[in-house]
Amino acid sequence: MTLGQTGGAEYDARIKRAEQLSSPHSAATEFLEFYDHVASFQKLIRANIAAAHQVEPPNAPPADLRSELDLTVILPHFRGYLSVIENHAPPALAESARQTALLGSNSWIASLEAYWQHAGRYDQQVGAFAQFLPRAFLQPCAEFRAALMPRAPQVSTPRLCPLCGSRPLLGVLRPEGDGGKRFLLCSFCQQEWEFRRILCPTCGEEAEDKLPVYVGEDSPHIRVEACDTCKFYLRTIDLTKDGNAIPLVDDLAAIPHTLWANEQGYSRLQPNLLGT
Ligand SMILES: [Zn+2]
Ligand SMILES: [Zn+2]
């Protein structure tokens, strides 16, 4: 199977999961329906990148995930992308897409390039809304490039993504033996790396009594893994409790967990795509 063929299936699985989650999670339905449109567009972008890669494969894998982005393949799709957002996003975001469409391609390029350099590293105060347009558009590029990168064996427990240096978006518990092994999922390139279970990925706290975990009754596969030292929390999707969950998508639907964590005074380190 080639790289060009693998990406489409991942997007199909995300779209299917968003449809599954839409009805019972009524608070999230509007977001999930919008995400369906976003993910369908991302699938198209991904197919374009993969096709261009097959026609003209690079001589060597990229040395750095953030090395310069060749926008020639995807930039022609940016206007179409903006209309998808304008037609399907919640009102404020739709308006932002409409305004962006009025700007020229130089401005689009500047915004995409800035996001590519800063995503997940120096964007902590930016928030989901301001980042949305470049983030959703470039997500397939970051994922595609990450899949091409050589991986060094992991010897430590890095708090930042070993491939691109970004902060984690989520934790993921994957079944192993009788329990679950924790991974962190990168907020930029979407790759996972292994991470100790009793350790705060934000400040490095390792005292178990400072690291409370909250699990809601209605969705036991979603955990709020908080830290009383730094007051940040990591949302973790527990695949030992629900093997059908798709972390990126289940995270978007977990709106009650966000409200709960905020009420308790915990903040999230990196917002998800829709700020839910
Ligand atoms: Zn990464
Ligand atoms: Zn902490």
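Here is a friendly set of questions and answers about the predicted model shown above.

Me: How should I read the numbering and the values here?
Reply: Residues count from 1 along each chain as its sequence is written, while chains are lettered from A and ligands numbered from 1 in the order in which they are written. In this predicted model, local features need pLDDT of at least 70, side-chain atom pairs count only at pLDDT 80 or more, and totals for chains, interfaces and linings use all residues, with side-chain values using heavy atoms and leaving out hydrogens and water.

Me: How many residues apart are cysteine 164 and cysteine 186?
Reply: Helices (H or I, at least four residues) and strands (E, at least two) are DSSP runs, numbered from the N terminus. Cysteine 164 is in the loop between helix H6 (127-148) and strand S1 (168-176), and cysteine 186 is in strand S2. The pair links distant parts of the chain, 22 residues apart.

Me: How are the donor residues of the zinc ion (ligand 2) spaced in sequence?
Reply: This zinc ion is coordinated at 2.3 Å by the SG atoms of Cys200, Cys203, Cys227 and Cys230. Its site is tetrahedral, with angles of 107 to 115° among the four donor atoms. The spacing is C-x2-C-x23-C-x2-C.

Me: Is cysteine 203 buried or partly exposed?
Reply: Buried means under 20% relative accessible area, exposed over 50%, and partly exposed in between (1.4 Å probe, protein chains only). Cysteine 200 has 4% relative accessibility and so counts as buried. Cysteine 203 has 31%, so it counts as partly exposed.

Me: In which sense do S1 and S2 pair?
Reply: Two strands pair if DSSP finds at least two bridges between them. S1 and S2 have eight bridges, and glutamate 176 stands opposite glycine 179 in S2. The sense of the pairing is antiparallel.

Me: Which residue in the turn of the S2 and S3 hairpin has a positive phi?
Reply: Three bridges join these antiparallel strands, and phenylalanine 183 has glutamate 194 in S3 as its bridge partner. The hairpin has five residues between its strands, and the phi in question is about 65°. The residue is glutamine 190.

Me: Is glutamine 190 buried or exposed?
Reply: Glutamine 190 sits in the loop between strand S2 (179-186) and strand S3 (192-194). Contact means heavy atoms within 4.5 Å, and, leaving aside neighbours within four places in sequence, glutamine 190 is in contact with Gln139, Glu143, Leu185 and Leu248. Its relative accessibility is 9%, so it counts as buried.

Me: How many residues does the largest nonpolar core have?
Reply: A nonpolar core is a set of buried Ala, Val, Leu, Ile, Met, Phe, Trp, Tyr and Cys residues joined through side-chain atoms within 4.5 Å. In soluble globular proteins, nonpolar side chains tend to be buried together. Residues with the most contacts inside the largest core include Tyr81, Phe132 and Cys189. The core has 60 residues.

Me: Which residues join glutamate 10 in one network of salt bridges?
Reply: A salt bridge is a side-chain nitrogen of Lys or Arg within 4 Å of a carboxyl oxygen of Asp or Glu. Glutamate 10 forms one with arginine 14, with the closest N and O atoms 3.5 Å apart. The two are four residues apart in helix H1, so about one helical turn separates them. Salt bridges that share partners join Glu10 into one network with Arg14 and Glu143.

How values were computed
Donors are N, O and S atoms within 2.8 Å of the metal (3.2 Å for Na, K and Ca); water is not among the atoms, so sites may look incomplete. Four donors count as tetrahedral if all angles lie between 85 and 135 degrees; four count as square planar and six as octahedral if opposite donors are over 155 degrees apart and all others between 65 and 115; anything else is irregular.
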